[in-house]
Amino acid sequence: MLAPILLVLMVFFVTLPLWVRSVPVQYNARSLLVRKVTTLVTALGIALVVFVFAGSLMLREGINRVLTAAGRADTVVILRKGSDAELSSAIGNEYIGLFRGPAQVSQAGGVIGEIVIVVTADRADGFGASNVLVRGMPPDGFAFRPELKLASGRMPRPGTNEAIVGRGISGRFKGIAPGQSFELRRNRPLQIVGEFTADGSSYESEVWGDLDVIRRSLGREAVVSSVRVRLNRPEDFDAYRQTIENDKRFSMKVMREADYYQKQSQALSTFLGGMGLAAAILFSLAAMIGAAITMNGAVAHRTREIGTLRALGFSRRSILLSFLTEATVLSLAGGVIGVIAVQLLSLVKVPIINFQTFSEIVLRFQVAPGVLAWSLWFSGLMGLLGGLFPAIRASRVSPVEAMRA
Amino acid sequence: MSENQMTEATKTAGAPGEPYRGTTTGTESIVTLSKITKTFFRGSEPIRVLEGLDLDVPNGSFEALMGPSGSGKSTLLNIIAGLDRPTSGAVRVAGADLGPMSDSELARWRSQTIGFVFQSFNLIPVLTAAQNVELPLLLTSLSRADRARHVATAMRIVSLEDRMHHYPRQLSGGQEQRVAIARAIVNDPKIIVADEPTGDLDRKSADDVLTLMERLNKELKKTIFMVTHDPAAAERAGVVRKLDKGALQ
Ligand SMILES: Nc1ncnc2c1ncn2[C@@H]1O[C@H](COP(=O)(O)OP(=O)(O)O)[C@@H](O)[C@H]1O
Ligand SMILES: [Mg+2]
């Protein structure tokens, strides 16, 4: 991973004066502390930028987490050829048994066919409506996903219109919460009897009910949307895929479950991450200019002090390094504030439309060490760039001129 | 840099030494300027400040430089101290030819050879007295503990060992100037240059500072080159030179 390496490099740079020693670090540190208000305002500006920057990275991380946590390496998703998502795929019942044939299929785990639909539901808070993804699964569909955990209520009884709802959307829509019911179609209600979690994956933004009951409600008894197959080993994938995709009796697309979700998350994370980064870049320009103005003011204000240091024998390079360090430390301090503040975002839930299913999934800002490292690095970089010209200016101060002033 | 010399300095400090006048002993010069000119430009108009100036300062002397305001005293002092370069002419100080040195070589040389005392003290306001005095030592390879010892010694020489952790604004003008002197000697430089060191001080503080400079000259054998307006200050020096119309009279 690149971020930690860059961070180490930056920490090394910032502490460089401590090793080379010909830089009056004490002087720069004290100068920052003495100009409390300016230092704080500048640092807070940087903190804000880092907040936005880290926030957008955390959101991206959140998308990846939600959409890929559902994917397993030893599990295969089969869709009709030409479909990109479960929602647009249809596979006849008669094929399901054929998928079980090849030797790579785990006999214990098995094969499940599921139907995936979206229903429009009114938001519980009364502000409009959105799509909710409903998954109908056979009785062994629950056991097929060991990450499923019942958080409250009970499991639905097979063959009934009972269903459970993922914690992500539970309570966000009218009728979609334990103890309530909503209609798949006129007079075809699903009864929510429990709430589940699934490792924070996008499953937590779904409603899970009985395959046959749901298919019957919609008059689609003969088909499933997708089939999931558990393999003996992840390495068996290529062989299995060849067998199925080359079978002339049907025309199917075989994907690793992890790849399937990865692909879904890509569009979203590119979009959201891109927006966040664009905002962060705009903000960072402003913050960099802010840091530059602050440091430039500091240099102008301290011309005489710089002249004195030069007279005492500090070289241009020492002065350059010392002001660069001052700027970098200043904005790293802002970065630390921003990174701490951004932790609060992990408490926030973000509802968002998954482009692939047009249904709502609920994201969380996800903290990851890489995000923190990148953010700190980014804040240091802003200080470095913002401080560059003021530092160059400081290094050019002529001691003779400075003393005459 | 030389720890031994500094410890020696501590030993000799306070012990009454032989009256010492650089002029009476010096066969060897510590400063040799020949045919120095310095021309500034204000726009395209040249201001000839120094015009073919020669100067020999014997090792160990205490010299005062007087002259009308604007006559080029500070300019001359800055050239001796390696802070400014002449327009033409040769500068030899403490055995080194300053002409061919690069800016960074010159900075390094200054830190090892020159102690500066300025009219307006020029202490760094955000640093304590001790931290100000320590600054030149950051350019040496001394350990932290050694630096602390040198700082303590220098502060003792200027009788401010009880003001180590005061900030400049907590000190009187006279005390500030003594801290500046401590900073000037902490590196054990060969020459101390002082540009109107008593210019901003009241009579009493000025006398204290001058007495201190005299001691540095006599007891620590420092060569002192001092620009001054003050006749009482010039009186303390062994040699008084007058600068006028670009040359020494
Ligand atoms: N950097 C400079 N640019 C232009 N003129 C200067 C500069 N430095 C000094 N001078 C001029 O040179 C002359 C001598 O200055 P200075 O050495 O400071 O005199 P003194 O210290 O004797 O009062 C003055 O006329 C001053 O205006
Ligand atoms: Mg002057």
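Buried means under 20% relative accessible area, exposed over 50% and partly exposed in between, with a 1.4 Å probe and protein chains only. The model is predicted, and local features need pLDDT of at least 70, while side-chain atom pairs count only at pLDDT 80 or more. Residues are numbered from 1 along each chain as its sequence is written.

**View 1. Tyr260(A) and Tyr261(A) form an edge-to-face pair.** Rings of Phe, Tyr and Trp (its six-membered ring) pair if their centres lie within 6.5 Å; planes under 30 degrees apart count as stacked, over 60 as edge-to-face and the rest as tilted. Here the centres are 5.2 Å apart and the planes stand at 70°. Tyr261(A) has a relative accessible area of 3% and is therefore buried; Tyr260(A), at 2%, is buried too.

**View 2. Phe99(A) and Phe250(A) pair across distant parts of the chain.** Their ring centres are 5.3 Å apart and their planes at 75°, so this pair is edge-to-face. Phe99(A) is in helix α4 (residues 93-99) and Phe250(A) in the loop between α6 (237-245) and β12 (252-256), 151 residues apart. Relative accessibility is 0% for Phe99(A), which counts as buried, and 8% for Phe250(A), also buried.

**View 3. Two arginines of chain A lie over aromatic faces.** A charge sits over a ring if NZ of Lys or CZ of Arg is within 6 Å of the ring centre and within 35 degrees of the ring normal. Arg145(A) lies over Trp208(A), at 5.2 Å from the ring centre. Arg230(A) lies over Phe144(A), at 4.0 Å from the ring centre.

Key
Chains are lettered from A and ligands numbered from 1 in the order in which they are written. Side-chain values use heavy atoms; hydrogens and water are left out. Helices (H or I, at least four residues) and strands (E, at least two) are DSSP runs, numbered from the N terminus.
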